[in-house]
Amino acid sequence: MKPEDAPLTPPAGSRSVAVTGQRRGQRFDAQDCVAEEVPVALEYNGISHAVMLATPADLEDFALGFSLTEGIVASAAEVYDMEPVASPGGVTLRVTIASARLAALKERRRSLAGRTGCGLCGAERLADAVQPVPLLPSGARFQAGAVLHALQALRSRQALHEATGATHAACRVGRDGAISHVREDVGRHNALDKTLGALAREGIDASREALIITSRASVEMVQKAVALRIATLAAV
């Protein structure tokens, strides 16, 4: 999108800014649309757990998806409440979870405290850095044409990327190639967490469906899909 074509009302997760540029040797002034990325702190039952940089849209979906894919909770039913609190420094997501899950989280935090080593998520040894991904039984089969159709449809549903050119997206794909639950973020992991959180909030079992992401299929992205027992992940 050219700066002068920036939308009058920026979509959620973006803002309008004044820009100065040069085209064909001529200076121009215009309005452009840029994606936002702010610190998002996750608190569980009043205990600070992590601070992420994320696009401030669909943050409740993000909080639930992150909680599930990080193994903090096993299901949406173990999340009792969720409250986003904005401040000049960013957004705090105050999440209330089941007491048993909080106890497990505290124990995990204690096991990571003071460790040194490879520096990845508190892992002490290289062997701990990448955990085995369980095999998922899945009879899901997709026609190549359905996946290609879904990829094309996703491009037309990325409102934030259309406005800014700066975000990734993730979505659910049905067996017929129809897409839903499109979520966007500057961070590719966050976009997938948002989609997974949206599915979990609605109680949708997508284990026989697929996910599409507009990024490479890294180990972390596969692990996130497996956390919700989705065995088919398509990446551009």
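User: Which residues make up a nonpolar core, and what is the largest one like here?

Analyst: A nonpolar core is a set of buried Ala, Val, Leu, Ile, Met, Phe, Trp, Tyr and Cys residues joined through side-chain atoms within 4.5 Å. Buried means under 20% relative accessible area, exposed over 50%, and partly exposed in between (1.4 Å probe, protein chains only). In soluble globular proteins, nonpolar side chains tend to be buried together. In this predicted model, the largest nonpolar core has 23 residues, of which Y44, L93 and I97 touch the most other members. At least two residues each come from β3 (38-44), β4 (47-54), α1 (59-69), β5 (79-87), β6 (90-97) and α2 (99-112). The most, six residues, come from α1. Another core, of 12 residues, lies apart from it and includes A150, L154, A169 and I179.

User: What should I keep in mind about the numbering and the model?

Analyst: Residues are numbered from 1 along each chain as its sequence is written, and side-chain values use heavy atoms, leaving out hydrogens and water. As the model is predicted, local features need pLDDT of at least 70 and side-chain atom pairs count only at pLDDT 80 or more, while totals for chains, interfaces and linings use all residues.

User: Which residues is L93 in contact with, beyond its neighbours within four places in sequence?

Analyst: Contact means heavy atoms within 4.5 Å. With those neighbours left aside, L93 is in contact with V40, A41, L42, E43, L59, F62, A63, E83 and P84.

User: How many helices and strands are there?

Analyst: Helices (H or I, at least four residues) and strands (E, at least two) are DSSP runs, numbered from the N terminus. The protein has seven helices and 10 strands.

User: What is the order of strands in the open sheet?

Analyst: Two strands pair if DSSP finds at least two bridges between them. The open sheet has four strands in the order β8-β7-β9-β10, with mixed pairing. Its edge strands, β8 (179-185) and β10 (232-235), each pair on one side only. Strand β9 (residues 210-213) runs parallel to β10, joined by four bridges; L211 has L233 as its bridge partner in β10.

User: Is S218 buried or exposed, and where does it lie?

Analyst: S218 lies in the loop between β9 and α7 (219-227). S218 counts as buried because its relative accessible area is 4%. Beyond neighbours within four places in sequence, S218 is in contact with R188 and H189.

User: And how many residues of the protein are there, and what share is buried?

Analyst: Of its 236 residues, 41% count as buried.
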